[in-house]
Amino acid sequence: FWAEARAVAQLVHPHVVTIHNLGSDRGYHFIEMEYVPGGVSLNEILIREGPFSPLRSTSLVVQVAHALGAAHRSGLVHRDVK
């Protein structure tokens, strides 16, 4: 947990949530992350708006690819893309 969390905390990229702090309290470990306003999941958007256009889908995939590229360049391999 700690090694991975520290490695991710070093990653700074516009499409990656910033980690501000790592810690533990009463036996529970935590990661304090950047607040990202919006709070709407992909599933909620799809239910509300229907399928994305090819252009919007491509834009989202490109943003994810840029974030994963930044992670890979820093030596990280993300195994749980959301």
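How many helices and strands does the chain have? In this predicted model, the chain has 3 helices and 2 strands. Read from the N terminus, these elements follow the order α-β-β-α-α. The chain is more spread out than a compact globule, because its radius of gyration is 15 Å, well over the 12 Å that the globule rule gives for 82 residues.

The overall dimensions can be given next. Along the principal axes, the C-alpha atoms fill a box of roughly 45 × 30 × 20 Å. Of the 82 residues, 17% count as buried. The chain exposes about 6700 Å², and carbon and sulfur atoms supply 60% of that area.

Taking contacts between residues at least 6 apart in sequence, 32% join residues at least 24 apart.

One residue can be followed in detail. Histidine 13 lies in the loop between α1 (2–9) and β1 (19–25). Is histidine 13 buried or exposed? Its relative accessible area is 18%, and buried means under 20%, so histidine 13 counts as buried. Leaving aside residues up to four places away in sequence, histidine 13 touches His66, Ala67 and Ala70. Within its own stretch of the chain, the side chain of histidine 13 reaches the backbone nitrogen of histidine 15 at 3.0 Å.

Definitions and conventions
Residues are numbered from 1 along each chain as its sequence is written. This is a predicted model: local features need pLDDT of at least 70, side-chain atom pairs count only at pLDDT 80 or more; totals for chains, interfaces and linings use all residues. Side-chain values use heavy atoms; hydrogens and water are left out. Helices (H or I, at least four residues) and strands (E, at least two) are DSSP runs, numbered from the N terminus. The radius of gyration is taken over C-alpha atoms; the globule rule is 2.2 Å times the number of residues to the power 0.38. Buried means under 20% relative accessible area, exposed over 50%, partly exposed in between (1.4 Å probe, protein chains only). Contact means heavy atoms within 4.5 Å. Accessible areas come from the Shrake-Rupley method with a 1.4 Å probe; for residues, only the protein chains shown count as cover. A polar contact is a pair of N or O atoms within 3.5 Å; within protein, one must be able to donate a hydrogen and the other to accept it, and residues adjacent in sequence count only if both atoms are side-chain atoms.
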